[in-house]
Amino acid sequence: MKNKVFVIGNGESRKEFDLNVLKEHGKIYGCNALYRDFSPDVLVSNDIEMIVELIESKYCKDNACVFSDWNIMPGEAYDMIKDDITNVVSVGSGDKFSVFGTDEKTYVLWTTDENIEKFSNHHMRVDTGTISLFLASQDLDVSDVYMLGFDIKDTLCSGGKNNNIYKDTDCYQSSDDLMSSKKQIKWSRDNASVFMKYPHINYHRVHNTKTNPFEWTSVDNVDCVSYSDFESILDESLLRAE
């Protein structure tokens, strides 16, 4: 049986849609702060500040997460490296740890039995949404991937302002911040690379504009459907299953 998989971005276009509806239709991948409102089957994070928040919240204890370049070391190894790291901020507790460095500080994240897997992103350097698309596309027998809240480049049509659902909160930019057109073009191209890597899968951006970023126009296996059309697709799926 072929399966639907859903990838939830955090663009405001999905704000009025009840994500709980998706649970009976297929596996759900979500990005970053989505966990504050909804628990997907797999939560993906690619940002150190967000990963710190997730460890502190203990969300990973009971929920599956995938972190970019997550490397776990046994606790006894800390004595071997502690003299080589500075500005240390210790987070969590446990018998294993992972180290993430920024320009200002080095986070040492302690864990025990957290449900965390690693996505190797060191060479690719793609965003959280693209990582989620990769993971969703690797699910066995997936035939259709639906993308909600993928508002790539839509901000450019409204003054370029940040339209993330979690703007003005911890780990996110302000609502007045302008979104980089260069970064959004990269996101679009990275997404397109996933579509082309898995030509047997049909990708559907759910957005009421019913249009896709220019960088996707040459890709045959991606389209855009409105939310009303998407809801009809879900209803028809349930009818066929009865």
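Author: Accessible areas here come from the Shrake-Rupley method with a 1.4 Å probe, and for residues only the protein chains shown count as cover. By that method the chain exposes about 12500 Å², with carbon and sulfur atoms supplying 47% of it. This is a predicted model, where local features need pLDDT of at least 70, side-chain atom pairs count only at pLDDT 80 or more, and totals for chains, interfaces and linings use all residues. Residues are numbered from 1 along each chain as its sequence is written, and side-chain values use heavy atoms, leaving out hydrogens and water.

Reader: Why does Ser-132 count as buried?

Author: Buried means under 20% relative accessible area, exposed over 50%, and partly exposed in between (1.4 Å probe, protein chains only). Ser-132 has 0% relative accessibility, so it counts as buried. Buried residues make up 50% of the 242 residues in the chain.

Reader: What does Ser-132 touch, not counting residues up to four places away in sequence?

Author: A contact means heavy atoms within 4.5 Å. With that separation rule, Ser-132 touches Val-7, Tyr-29, Gly-30, Cys-31 and Val-44.

Reader: What makes the radius of gyration agree with a compact globule?

Author: The radius is taken over C-alpha atoms, and the globule rule is 2.2 Å times the number of residues to the power 0.38. For 242 residues a compact globule would come near 18 Å; the chain has 19 Å, so the two agree. Along its principal axes, the C-alpha trace spans about 55 × 45 × 30 Å.
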